[in-house]
Amino acid sequence: MSIDEGAIDRREAFLHALVREAADLARAGFARQTGQAVSMKGPQDYLTETDGQVEDHLRARISEAFPEDGFLGEESGGEPGRQAWVVDPIDGTANFARAIPHFCVAIAFIARGEVQLGAIVNPVLDEVYFARLGRGAHRNGKPIRVSATSDIAATSFEMGWSNRRPLARYIGALNALFEAGSNVRRGACGALGLAYVADGRSDGYAELHMNSWDCLAGLLLVREAGGVTGPFLSLGGLTAGAAVLAAAPGVAAILSEATGIPLLTGPDLLAAAEEEHRRTA
């Protein structure tokens with residue numbers, strides 16, 4: 001049976017409190033990160049003690065409050081099921097491990113085949129980004145909108161790098177954007193990169209492959225802030241990952257052409273929900 005609005009209301013209220021708890025844990029871990037154990041999961045893929053502590057807390061709190069919900073975390077995995085929480089306990093771990101205060105906690109809730117709730121918090125700046133499907137996007141309770149930029153010479157894009165796709169594609173996309181006249185930067189925290197698009201601080205973000213815990217909350221934020229994204233859930237991204245694009249409407253086509261990532265033309269739905277949507281449209 002489909003989850004009703006009241007059930008989403010309860011999860012929204014819960015998420016507001018939960019993201020603050022996660023921020024407190026992450027902030028405390030950052031304050032004591034000197035001497036903290038750091039390991040490598042792969043090339044440029046860091047893991048700290050705080051990653052595990054934050055994810056364990058989130059999993060326990062969600063399981064206690066909503067035992068019927070699934071859970072998918074970057075560090076401990078999980079089974080999403082029909083409705084689930086998707087969590088990145090620390091995105092930007094390489095920054096975190098080097099005492100650079102550009103990292104975040106990202107939490108999304110999926111039900112009815114699409115992302116219903118998304119929250120991203122930068123614990124050091126105490127900035128909480130929050131979105132609910134159909135109800136807009138906010139930073140610390142105030143509405144946010146994507147930028148009104150339409151002149152490529154005035155754009156500032158961000159591109160994330162993934163070793164899961166050929167380096168030549170990444171370099172090619174960068175070259176195309178520079179030749180078009182854009183500035184391109186990399187902050188090494190994809191979830192915040194997406195939040196900054198929603199907040200008008202950046203004109204677009206693209207990455208040739210991201211995992212769902214890195215991007216689902218941010219993609220919802222961008223769409224709810226009036227931005228354009230590429231498809232993700234409809235490409236199987238929940239469990240396998242996919243390319244990510246998010247941009248202000250006035251420059252989205254340019255970013256899409258440079259990266260080869262298509263723009264979304266309808267709701268971004270899980271496969272089963274997309275089939276149901278087609279049947280009833």
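Author: A nonpolar core is a set of buried Ala, Val, Leu, Ile, Met, Phe, Trp, Tyr and Cys residues joined through side-chain atoms within 4.5 Å; buried means under 20% relative accessible area, exposed over 50%, partly exposed in between (1.4 Å probe, protein chains only). You're looking at a predicted model, where local features need pLDDT of at least 70, side-chain atom pairs count only at pLDDT 80 or more, and totals for chains, interfaces and linings use all residues. Residues are numbered from 1 along each chain as written, and side-chain values use heavy atoms, without hydrogens or water.

Reader: Which residues have the most contacts inside the largest nonpolar core?

Author: That core takes in 57 residues. Its top contributor is helix α6 (a DSSP run of H or I, at least four residues), residues 212-224, which puts in eight. A separate core of 30 residues includes V54, I62, F96 and L117. Back in the largest one, the residues with the most contacts are I120 and L216.

Reader: Which alanines does I120 contact, leaving aside neighbours within four places in sequence?

Author: Contact means heavy atoms within 4.5 Å. On that basis I120 meets, among others, C104, V105, Y129, L192 and L221.

Reader: Is R11 buried or exposed?

Author: R11 belongs to helix α1, residues 5-31. Not counting residues up to four places away, it touches I3, F66, E68, D69, Q83, W85, F109 and L117. Because its relative accessible area is 2%, R11 counts as buried.

Definitions and conventions
Helices (H or I, at least four residues) and strands (E, at least two) are DSSP runs, numbered from the N terminus.
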